[in-house]
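Here are my notes on the model you sent over.

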Amino acid sequence: MDTQICLIGNSRRTATDQMISELKLTTALRGITSYMADVFFTPPFKIANVSASRNSECLHLILMSASPGMLDGDHYRMYIHTGPGTSLKLQTQAYQRLYTMQQGASQHMEIQMDNGSTLHFIPHPLVPQKQAHYTAVNRINLTENCRLYWGEIVTCGRKLNGEIFHFTRLHIRTEIRYRQKLVLLDNLLLEPAIMDLSAVGCLEGYTHQGTFLLFDTHTGTDLPALADNIYNILESSAGITAGISLTAGPGIVVRLLAQGAELLYDQMQQIAALTQQHITQQTS
């Protein structure tokens, strides 16, 4: 089934075609407009500029892929640099599928946020199929007056096909540094063969989980008030169990559990949008 999907999709790749791919992206400011100052990518990556206007303050980009998903041995390297005062909303094209693997696939993302920059990145959910083995490392460096909206959603696999936690191993490590100091380390490790994912303190019967991070290094931002606003949003959300924490650094962590990916994805987009509105109200 996996091989069929690879052959009939946009790509002619097969499971034996390993791919080391790279993406580099830098934003800069022209007046009040954010734009791509530099971009480089190798297959399967593509970048599409979907900004509503050339004069838009925020640069809207879609990270596209010509591959149907990550195959065994694939390695993605991404470098994103948001220049001083710029604003970037980076979206993805579709769910990221992880196919059956022997040695595994990996992704390494480095993000440098310069003074006064904003980054919004909530990619589509990750779908680790049967025997998928995946490792990801995200390293984000914040400076002064930065604002980061970051999301991550992990599914149990192809649930409607009966593949619920049939993957081998999934390890995602996210590090956030501010003033060169580590202020958050989120270490997600799922190994269904040796872990009881339904246990108390784990997923507790849920099949999908999401993590939303908001970091704001502006001096005037009231993070406790924003956390209360996020709580009010989630309190009225059916089908989701969530927890909210203020971090040791200037950030908020929201952990969400549900039985479906779309529910988490839509909820996370709503939290980001409403939080952005509240921040605008606080600072206006």
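1. Conventions. Helices (H or I, at least four residues) and strands (E, at least two) are DSSP runs, numbered from the N terminus. This is a predicted model, in which local features need pLDDT of at least 70 and side-chain atom pairs count only at pLDDT 80 or more, while totals for chains, interfaces and linings use all residues. Residues are numbered from 1 along each chain as its sequence is written, and side-chain values use heavy atoms, with hydrogens and water left out.

2. Confidence. The protein chain has a mean pLDDT (the predictor's confidence in each residue, from 0 to 100) of 92, and 94% of its residues reach 70 or more. Residues 1–11 are the stretch to treat separately: their pLDDT is below 50, yet beyond near neighbours in sequence the stretch has 22 contacts (heavy atoms within 4.5 Å) in the model.

3. Two antiparallel pairs. Then look at strand 16 (residues 241–246) and strand 17 (residues 251–258), which pair in the antiparallel sense over 6 bridges. These two make a hairpin with 4 residues between them, and isoleucine 244 stands opposite valine 254 in strand 17.

4. Salt bridges. The count comes to 10 salt bridges, a salt bridge being a side-chain nitrogen of Lys or Arg within 4 Å of a carboxyl oxygen of Asp or Glu. Glu110, Arg139, Arg173, Glu175 and Arg177 are linked in a network of them. Within that group, glutamate 175 meets arginine 177 with the closest N and O atoms 2.8 Å apart. Buried or partly exposed? Glutamate 175 counts as buried at 3% relative accessibility, whereas arginine 177 is partly exposed at 25%. The cut-offs here are under 20% relative accessible area for buried, over 50% for exposed and partly exposed in between (1.4 Å probe, protein chains only).

5. Links across the chain. Which parts does the salt bridge between arginine 255 and aspartate 186 link? Its closest N and O atoms are 2.9 Å apart, and the pair links distant parts of the chain, with arginine 255 in strand 17 and aspartate 186 in strand 14, 69 residues apart. Arginine 255 is partly exposed at 31%, while aspartate 186 is buried at 11%. Another one to look at is glutamate 191 with arginine 169 (3.4 Å, N to O). Glutamate 191 sits in the loop between strand 14 and strand 15 (208–216) and arginine 169 in strand 13 (residues 169–178), so the pair ties together parts 22 residues apart in sequence.

6. Proline 192 lies in the loop between strand 14 and strand 15 and is buried, with a relative accessible area of 17%. Leaving aside neighbours within four places in sequence, proline 192 touches Phe165, Phe167, Thr168 and Leu197. Serine 87, in strand 6 (residues 87–92), counts as buried at 18%. With the same exclusion of neighbours within four places, serine 87 is in contact with Ser34, Glu57, Cys58, Leu59 and Thr118.

7. Helix 3. Helix 3 (residues 261–283) has 23 residues and reaches 33 Å from its first C-alpha to its last, close to the 33 Å expected at 1.5 Å a residue; the expected span is 1.5 Å times one less than the number of residues. Its buried residues include Leu264, Met268, Ile271, Thr275 and Ile279. What do the buried residues of helix 3 pack against? Their partners are strand 9 (118–121), strand 12 (147–154), strand 15, helix 2 (223–235) and strand 17. An α-helix has 3.6 residues a turn, so residues three or four places apart point the same way.

Note on methods:
Pairing = 2+ DSSP bridges.
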